[in-house]
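Me: I have a protein model open and would like to learn how to read it. Could you walk me through it, one feature at a time?

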Amino acid sequence: MFNKTLLIGNLTNDVEFADNGDDKKRAVLNLATNTFWYLEGERQQTTDFHRVVAFGPQAQRVKDLRKGQQVFVEGRSQTRRFEQDDETRFITEVIAERIESLGGNPAKGESIPPESNTWDS
C-alpha cells in the first residue's frame, strides 16, 4: 500500500495553531490548489481546498507562513471520523511530512527569511 500526497498551492489564511495536550503542538494550514484543462479550445479552471495538518517540530517550523504565500506540501492523506451535533462526520486532511515555502506575497507584507525556506520533519 502507498499513500503519498504532493500539493503546490497558496495559503488561504495564516497558519492556525493548537495545543493537543501532552506537549504536542499542531498547526493547520488551509491551501488552495488550481487545476486547469481545455474544453473545446477554452481554458477551464477549478480550485480545490485542502486542510493540511503538521504536528510537533514540523508545526513549529511553519509559524512564519502567511496568507497568500505559495507552499509545497508532501504528506499523506488521512480521513478521520468524529461526532458533531449527534451526527457522524468525516474530514479528509493531509498530514504533512515536509513543507517548503515557494515564496509569494504574504498578506501582511512579511516574508520568511531565506535560511528558513525549507522544513523537513
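Predicted model: local features only at pLDDT ≥ 70, side-chain atom pairs only at ≥ 80, totals over all residues.

Me: Which residues have the most contacts inside the largest nonpolar core?

Reply: As a general idea, nonpolar side chains tend to be buried together in soluble globular proteins. Here the largest nonpolar core has 16 residues, and those with the most contacts inside it are L29, L31, V52, V62, L65, V73 and I99. The elements giving two or more residues to this core are β1 (5-11), β3, β4 (42-55), β5 (69-84) and β6 (87-104).

Me: What does L29 touch, leaving aside its neighbours within four places in sequence?

Reply: L29 is in contact with L11, V15, H50, R51, V52, V62, L65 and I99 once those neighbours are left aside. Of these partners, V52, V62, L65 and I99 are also on the list of residues with the most contacts inside the core.

Me: Now the overall layout: how many helices and strands does the protein have, and in what pattern?

Reply: The protein has one helix and seven strands. Along the sequence they follow the pattern β-β-β-β-α-β-β-β. To see how far apart in sequence the touching residues are, look at contacts between residues at least 6 apart: 57% of them join residues at least 24 apart.

Me: And how much of the protein is buried?

Reply: Buried residues make up 31% of the 121 residues. The accessible surface comes to about 8000 Å², with 45% of that belonging to carbon and sulfur atoms.

Me: Is T33 buried or exposed?

Reply: The idea is to compare the relative accessible area with a cut-off: under 20% means buried. T33 has 10%, so T33 is buried. T33 sits in strand β3 (residues 25-39), and its side chain makes a polar contact of 2.8 Å with the side chain of H50. Leaving aside neighbours within four places in sequence, T33 is in contact with L7, I8, G9, T46, T47, D48 and H50.

Me: Which side chain is joined to that of E93 by a polar contact?

Reply: That of R51, at 2.6 Å. Not counting residues up to four places away in sequence, E93 touches R51, V53, R76, S77, Q78 and R80.

Definitions and conventions
Residues numbered from 1 in each chain as written. Heavy atoms only, no water. Helix = DSSP H or I, 4+ residues; strand = E, 2+ residues; numbered from the N terminus. Buried < 20%, exposed > 50% of the residue type's maximum accessible area, 1.4 Å probe, protein only. Polar contact = N/O pair within 3.5 Å; in protein donor to acceptor, adjacent residues only side chain to side chain. Contact = heavy atoms within 4.5 Å. Areas by Shrake-Rupley, 256 points an atom, 1.4 Å probe, with all protein chains shown as cover. Core = buried A, V, L, I, M, F, W, Y, C linked by side-chain atoms within 4.5 Å.
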